[in-house]
Amino acid sequence: MSQKNILIFVTDQLTWRALPCYGNDFVKTPNIDRIAKDSVIFDKCYTPCPLCQPARASFWSGRYPHEIDVLSNGRNWPVSTVSTDVPTLGETFKNAGYDTYHFGKCHDAGALRGFYCEPEEQIKIPDEEEAFPLNFDTYQDIYTTKKCVDFLENHNFEKPLLMVADLVNPHNICGWIGENSGVHNDIETDRPLPPLPENFDFDDIENRPKAIQYICCSHNRQAQTSGWTPRNYQHYLAAYYYYLEFVDKEIGLILDALEKTGKKDDTMIVFMADHGDSMVARGRVTKQVDFYEEVTRVPFIFSGKDIVSQTNRIQGLTSLLDLYPTLCGYAGIEVPDGVRGTDISNVLFGKEIPQKEFVASEWHTEWGFTVSPGRMIRTDEYKYTYYIEDKGEELYDLKNDPYEKVNLAKNPQYKEQLMNMRKLLKKHLDDTHDNFMELEWYADEKWRSHKIGYQNHQGIAAPQEKK
Ligand code: ZN
């Protein structure tokens, strides 16, 4: 009997909207396109948290971040290792007889337990283009790719294989902001400048929760954009696409190595990202605090062995929490108790997607310098968010306002929809034993003091303050 090997590509900070297979006609990703050809593409997949470590700990363990107490990236809010009582994807597959190997970025709070994890290292190369400096994120990807290729060239495939190629780009965009902080002239590039999105202007900012209005004060990358012109933001997008095309090349090398093993036809390939990137929507960069589509909605693609490809993207709601049970379903392994998400492997075999009533996401803090607990509930039609600070609420009619331009939470005409979304949030909190409503927020008054608007920010943000 042929094996059901699985190769998972994880990218970091890649929003679904950036990819050609999700409709972007500006960027070129021929290798991700190779995966997307003859595949099942989920159109509405959401991350359980738009931040690296909580998201990763969450999908590798199949639990929401609050269930495993991984709420931040560390520093002033350190996280403990995920309890050994919590089963993990790697452990489940290892116990089922798989070889389990992980290469690249971990940042998992112990949720990669069960994988052999190749140590993270870097290979430095000179910048290819002056406008797009490379940093440790890219150097790490080069090392990861080399290790993946070496491994595939020498692996014996005696047992079925679960392998993760965990790549960091387009995350190099964060370092690019640091290089282009404040008022500046961009280094010119021959690459065409992408157009600004239709939600670039943040007209509705007065009508958003405080935690959103002051992201510039809680997030140093946002603070660094103070003084940017619209053209600077176009350069940001050009850089973002550059780092995306960079990681696409790495993916191509790993795909080539898989083909050379002769095992490609016995392998399912998964492509995903831990969370998205604001892509200058609302004048925002990277991700922090908010749950807008750009940062919570991610690519989720399956192709390869036994996958019945679909012409159109699958429209039902999915979550990265579905990864764990779906891979179990695909491989014929029992899903351990307590794993969240839905086994949607039937969809991969050409059957209908089970309709979820909603998907959820959560935010606590990035480093603990400001704390803004929030929750998101997304149904087929609406998105609702709630922040503990000032009991801030948002409601978006995603069918009619896909760019989330108008917050309807205070619009009396949407009272009924608001009440329904509040009910779903309560149900979610009860079902997942989430004490969210009792959590405290924290932000020194000075991080809530300037005139509203990211361009009105001056100076540093909370994480840069010298203690
Ligand atoms: Zn500010």
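**Entry 1: a buried pair**

I started with W228 and Y236, and both are buried. Before going on, I note for myself that this is a predicted model. The ring centres of W228 and Y236 lie 6.2 Å apart, with 55 degrees between the planes, so I logged the pair as tilted. I then asked which residues ring pairs link into a cluster. My list reads W176, F200, W228, Y233 and Y236.

**Entry 2: aromatic pairs across the chain**

How many aromatic pairs does a search of the whole structure find? I wrote down 25. One of them is Y101 with F151: the centres are 4.4 Å apart and the planes stand at 45 degrees, so this pair is tilted as well.

Y101 comes out at 23%, so I put Y101 down as partly exposed.

**Entry 3: charges over rings**

The charged end of R75 sits over the ring of W367, 4.0 Å from the ring centre. For K4, the charged end sits over the ring of Y330, and the distance to the centre is 4.5 Å.

**Entry 4: the largest pocket**

W367 turned up again when I turned to the largest pocket: together with F136, H171, C174 and E366, W367 is among the lining residues that lie nearest the centre. The lining has 24 residues, and the space inside is about 510 Å³. Which elements give two or more residues to this lining? I found α5 (136–154), α6 (173–179) and α9 (220–223). Sorted by class, the lining has 10 polar, 7 nonpolar and 7 charged residues.

**Entry 5: the second largest pocket**

My last stop was the second largest pocket, with a volume of about 360 Å³. Its lining is made of 20 residues, and R17, N24, P197, Y241 and M279 lie nearest the centre. What classes do the lining residues fall into? I noted 12 nonpolar, 4 polar and 4 charged.

Notes. Residues numbered from 1 in each chain as written. Predicted model: local features only at pLDDT ≥ 70, side-chain atom pairs only at ≥ 80, totals over all residues. Heavy atoms only, no water. 1 Å grid on protein atoms, 1.4 Å probe; cavity = no way out; pocket = protein on both sides within 12 Å on 5 of 7 lines; lining within 4 Å. Points joined across faces, edges and corners; volume = space filled by probe spheres on them. Helix = DSSP H or I, 4+ residues; strand = E, 2+ residues; numbered from the N terminus. Nonpolar A, V, L, I, M, F, W, Y, C, P; charged D, E, K, R; others polar. Phe/Tyr/Trp six-rings, centres within 6.5 Å; stacked < 30°, edge-to-face > 60°. Buried < 20%, exposed > 50% of the residue type's maximum accessible area, 1.4 Å probe, protein only. Lys NZ or Arg CZ within 6 Å of the ring centre and 35° of its normal.
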